[in-house]
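This briefing goes through one structure topic by topic. Please look at the sequence and the model before reading the points below.

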Amino acid sequence: MSALFDYRTCPTTGLRVDRNAEKLIKANAVVAVVFLAIGGLFGLLVALTRWPAVHFLPADWFYLALTAHGLDVLLVWIIFFEMAVLYFASAILLNSRLAGPKWAWTGFGLMLVGALITNVAVLQGGSSVMFTSYVPMMAEPHFYLGIILFAVGALIGCGVFFGTLVIAKRDKTYDGSIPLVTFGALTAAIIAVFTIASGAIILIPTLLWSLGLVSHIDPLIYKTIWWAMGHSSQQINVSAHVAVWYAIAAMVFGAKPLSEKVSRTAFLMYILFLQIASAHHMLVEPGFSSEWKIFNTSYAMYLAVVGSMVHGMTVPGSIEAAQRSRGLTKGLFEWLRKAPWANPAFAGMFMSLVFFGFIGGISGVVMGTEQINMIMHNTLYVPGHFHGTVVAGTTLAFMAITYLLVPLIFRRELMMKKLATWQPYVFGIGVAGISVFMMGAGTLGVSRRHWDMTFADAALPFDYPSAAFLMMGLNGIFACMAALGGLMFVVIVVGSVFFGKKLAEDEKPSYPEVPPDSAAVGHYGSSESLRIPGTAFLVGIFFVAFVLYYFVNWKYLSEIWPLS
Amino acid sequence: MALTPPSERIWWRQPIAKIELIWIFVAFTWGVLMFFMMIYWHGAGEQNLSNEAYQIKPKVFAEKAQKMIDEYTVREENGFPVVRPPAGSDVYLIARLWQWWPVLELEKDQSYRLHLSSMDWQHGFSLQPVNINVQVHPGYEIVMTVKPDRAGEYGLICNEFCGIGHHNMVGKIHVVE
Amino acid sequence: MNENNNMDASASDDSPAPEDIPLMQRVLDNPFLLLVLGIAVPAVFYIIWGIIEITQIPIAD
């Protein structure tokens, strides 16, 4: 490992930027966006097929496309981007060199090769087993092999992140504790290690089973451990996108966390308890006790939910405080009205925050209630929920920060600024529509992962209510809107990265505009004089919505057949 | 700011703003309430999924189901036997590629011990329009007591992906007065 | 943005001795302790407890 530290000094932030880290961030982010485009295209095909009036793909292609969609966006896009976030939050924010860049490149290579192998396996048609690949349904061996290679590569990336933390501390490249954003990234990395280890533990024997070397994989044990990967991998996203919210609030507003103690303790709740909610997927399985279900599904008395609700207040609260310190003090919402809504980094981040809380967050807690899960399990409510968390939450936040990374890391001026202004709205509202209408269809009983909701070829007839068909049509329309937003993002980012105006070494980018005094805002009011009435009002609305929706679903539950 | 180390070296002793403390208190209390709501429903609610489960070989489960079918079949419907087991009895429902077997006829307001298991891959018991959803595994049976409280014809669809015929896997439960 | 990027080693001279730092802050400043906790809690409560329950499912008679 070379001790040479080849760096440039960032003209905007004054940070030393390790060129190795910078190259790795670029590579991971570019590959991430490519897989977002591929996976998004498959998603559009899925939505068009589930639109009853269009019913685009034949059944076998539908199940193939759905498998590819899940893999490419839920796993590949997001983990590649998270690698970029980890390297950014460690080497760049800590002003340090990256530990073992060769290892980082090895990890990158393994992830890329693994993702390609699994994609080939899916496209060959013999592995349309869905993202979850529940045994005893069997995929081709290279389907599992690709995921395992991808996971090992990601694990190496996490190792590089931890190594960088060690080096930065040893070399005293920063003073005191790591920045809050880095702490959020650390949370993501910790959850990632658990996630990836769980994946390896279950997929390696499954690979051997598909090769005929192991005779039997227990379907319940498989499912339990698989979801330790499958659900926790989405918790990596939550941690990473919350870190991204804080980062954007800092970069756009110069916002300072309201309280380091509160925000970090909220992340600690994630580290300890977020991952046990993998039990959300096991609430209607045979054989678990209600004690196990209740403890795990509630993240140990909802402590991780408290964490999320805290972030949901401190992120907008820190923005409000920063805006008020600039004199935007009129009424409850002048700070919000006069926020830079034309800046896609802010617009994307704020919509991500709102949609994640109101759509993804509330629905997740409701659906994860032991008994209520019974009226939602495996209906379209489930993808409705996680499109609210992972797409409207994570993907939108990652898109938002990309608008800042292009000038800062890729050193290119953003192209098509007008289009960029619109992009978060088109994508965000499209995805919010997808989530809401899928949840609506799920409430009416429509199954997820299902090619034909008319059951035209079934031996016994069954009809969903006509409202369900309306929901799926609306879902299709909003999916087209989201796909358009996704396409806009890919065009803007790929265009800017390859053809944008190059910035000179010491040139500050002109866009997105960072408020000129943002660096000075770090030291507004102490805790005694903190006034964030607008945020208090917003979280009040959130809380009322949460409570009402929660009890409405208990009411729905109470109307089904008595069961015991 | 969030991108730089905390400005106070010992940030743990910094005071927390009142508004944050209130929100933490509200969120925590709400969490505790939601937690105890699940426990409360076990005592007070009528809709609790049974956790009674057994390991069972598909062949053994199929034999039990066949015995019930032989004994209580009352008619046929589209090639499916329609079975009307006595109230309170054990009822076996087979999930297999790509059928729910047999069709059941249950009496309103009577309880039945419903046994579910799969012969092959995982399936999803999804009873419509009541929207009751339970996962069905091969090698395990889940036993739940159901008490249909409205007469009518219920569709039974599969909502766990089980291969290319998944969307044709439709069964039926009749609930009669 | 660079308010705290003080590369001057003397800055750390006025930082408090480690024993003055509250315990919880020291915990939160220790990534590897957090890593161990973040793996142990879900491994014990979700995976191990869950698998014990699966293996104890009785065999049907």
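Two residues are in contact if their C-beta atoms, placed from the backbone, lie within 7 Å. The model is predicted. By that definition, the contact between chain A and chain B takes 85 residues from chain A and 77 residues from chain B.

**Chain A against chain B**

- On the side of chain A that touches chain B, 54 residues are nonpolar, 20 are polar and 11 are charged.

**Chain C**

- Chain C has 61 residues, and buried residues make up 20% of them.
- The secondary structure of chain C consists of 2 helices and 0 strands.
- In the contact of chain C with chain B, 14 residues of chain C meet 16 residues of chain B.
- The side of chain C that touches chain B holds 9 nonpolar, 4 polar and 1 charged residues.

**Two helices of chain A**

- H5(A) and H7(A) have axes that come within 8 Å and cross at roughly 170 degrees.
- Angles over 145 degrees count as roughly antiparallel, so H5(A) is roughly antiparallel to H7(A).
- Residues of H5(A) in this contact include Leu180(A), Val181(A), Ala188(A) and Ser198(A), while those of H7(A) include Ser232(A), Ile236(A), Tyr246(A) and Ala247(A).
- The residues where H5(A) and H7(A) meet comprise 13 nonpolar, 8 polar and no charged.

**The nonpolar core**

- The largest nonpolar core has 281 residues.
- Tyr246(A), Ala247(A), Ile248(A) and Ala249(A) have the most contacts inside this core.
- H2(A) contributes 25 residues, the largest share of the core.
- Leaving aside residues up to four places away in sequence, Ala247(A) touches Val181(A) and Ile401(A) in chain A, and Ala2(B) and Leu3(B) in chain B.

**Confidence**

- The average pLDDT of chain A is 93, and 96% of its residues score at least 70.
- Residues 518-528 of chain A have a pLDDT below 50.
- Beyond near neighbours in sequence, the stretch 518-528 of chain A has 22 contacts in the model.

Definitions and conventions
Residues are numbered from 1 along each chain as its sequence is written. Chains are lettered from A and ligands numbered from 1 in the order in which they are written. This is a predicted model: local features need pLDDT of at least 70, side-chain atom pairs count only at pLDDT 80 or more; totals for chains, interfaces and linings use all residues. Ala, Val, Leu, Ile, Met, Phe, Trp, Tyr, Cys and Pro count as nonpolar, Asp, Glu, Lys and Arg as charged, and the others, Gly among them, as polar. A nonpolar core is a set of buried Ala, Val, Leu, Ile, Met, Phe, Trp, Tyr and Cys residues joined through C-beta atoms within 7 Å. A residue is buried if 20 or more other C-beta atoms lie within 10 Å of its own, exposed if 12 or fewer, and partly exposed in between; C-beta atoms are placed from the backbone. Helices (H or I, at least four residues) and strands (E, at least two) are DSSP runs, numbered from the N terminus. Axes are lines fitted to C-alpha atoms, for helices over the stretch in contact, and angles run from 0 to 180 degrees between N-to-C directions. Angles under 35 degrees count as roughly parallel, over 145 as roughly antiparallel, 65 to 115 as roughly perpendicular and the rest as oblique. pLDDT is the predictor's confidence in each residue, from 0 to 100.
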